[in-house]
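Open the structure and follow along.

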Amino acid sequence: MRMARSLTATAATAALVAGVTVVGTGTASAASYRCTTSTKSIDHPGNTINDNFNFTVKTCAKREGGYIYAKAYVSVDGPWNYAGQSAVNDARALIQVKRSVSGTDPVSKYAYGTGLGSKLNNLDAYGNTSYTSPTVKHKPAAGSRYLGDSVMQIDWRNDGKGRISYSFSGSPTV
């Protein structure tokens with residue numbers, strides 16, 4: 001009798017594991033971000049030396065659980081001669097959720113990401129760094145399409161111009 005119970009328990013456990021596996025493969029996974037990558041080479045306006053900063057920005061958005069999420073991933077290939085030197089007075093990322101309409105897309109929600117200035121002032125020995133923005137979360141209107149958008153706002157050191165905005169491509173609509 002004890003052997004039969006043990007086999008029954010083992011069979012039930014195996015069926016449960018198999019059932020969870022089958023159910024697990026049939027369910028939808030969490031929504032993935034939809035992203036657009038764009039690049040921009042920006043000359044440091046406060047200097048005359050070889051000082052281009054090449055930005056690659058991946059702007060992403062997803063719709064999940066009744067919300068829209070947007071964020072950006074930034075890679076910077078800067079000049080090696082700025083490694084260990086201050087290139088900017090200040091810099092921040094502006095991440096936006098925009099409602100997709102004909103004409104100019106209105107901003108529904110936005111956030112400023114801090115820390116970009118520190119990253120630009122602390123390039124590695126090859127002049128590189130990376131940055132991930134905060135995630136913006138927005139409760140969308142029913143039936144509307146949205147996208148993520150990103151702008152890098154940089155106050156370059158020694159140029160006297162204050163913060164300059166550099167727009168990058170928005171994400172696909174979600």
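## Rings, a disulfide and a surface patch

Phe168 has a relative accessible area of 7%, so this residue counts as buried. Keep in mind that we're looking at a predicted model. What does Phe168 pair up with? Its partner is Phe55, in a tilted aromatic pair.

A search through the whole structure turns up 4 aromatic pairs. Another one of them joins Phe53 and Trp156: with planes at 55° and ring centres 5.1 Å apart, this pair is tilted. Here again distant parts of the chain are linked, as Phe53 belongs to strand β2 (residues 52-64) and Trp156 to strand β8 (residues 146-156), 103 residues away. Both Phe53 and Trp156 are buried.

Here are the two pairs with their geometry:

| Pair | Centre to centre | Angle between planes | Class |
|---|---|---|---|
| Phe53 and Trp156 | 5.1 Å | 55° | tilted |
| Phe55 and Phe168 | 6.3 Å | 50° | tilted |

The structure holds 1 disulfide, formed by Cys35 and Cys60, with 2.1 Å between the sulfur atoms. The link is right-handed, with 110° about the S-S bond. It connects distant parts of the chain: Cys35 is in strand β1 (residues 34-43) and Cys60 in strand β2, 25 residues apart.

Now for charges over rings. The charged end of Lys137 sits over the ring of Tyr67, 4.3 Å from the ring centre.

Tyr112 leads us out to the surface, where it forms a nonpolar patch with Val107 and Tyr110. Together, these three residues have about 300 Å² of accessible area. Val107 is found in strand β5 (residues 107-113). Why is Val107 called partly exposed? Its relative accessibility is 41%, and that puts Val107 in the partly exposed class, which lies between the 20% and 50% limits.

Notes. Residues are numbered from 1 along each chain as its sequence is written. This is a predicted model: local features need pLDDT of at least 70, side-chain atom pairs count only at pLDDT 80 or more; totals for chains, interfaces and linings use all residues. Side-chain values use heavy atoms; hydrogens and water are left out. Patches are made of residues with over 30% relative accessible area and no salt bridge: like charges are joined within 9 Å, nonpolar side chains (Val, Leu, Ile, Met, Phe, Trp, Tyr) within 5 Å. Accessible areas come from the Shrake-Rupley method with a 1.4 Å probe; for residues, only the protein chains shown count as cover. A salt bridge is a side-chain nitrogen of Lys or Arg within 4 Å of a carboxyl oxygen of Asp or Glu. Helices (H or I, at least four residues) and strands (E, at least two) are DSSP runs, numbered from the N terminus. Buried means under 20% relative accessible area, exposed over 50%, partly exposed in between (1.4 Å probe, protein chains only). Rings of Phe, Tyr and Trp (its six-membered ring) pair if their centres lie within 6.5 Å; planes under 30 degrees apart count as stacked, over 60 as edge-to-face and the rest as tilted. A charge sits over a ring if NZ of Lys or CZ of Arg is within 6 Å of the ring centre and within 35 degrees of the ring normal. A disulfide is a pair of cysteine sulfur atoms within 2.5 Å.
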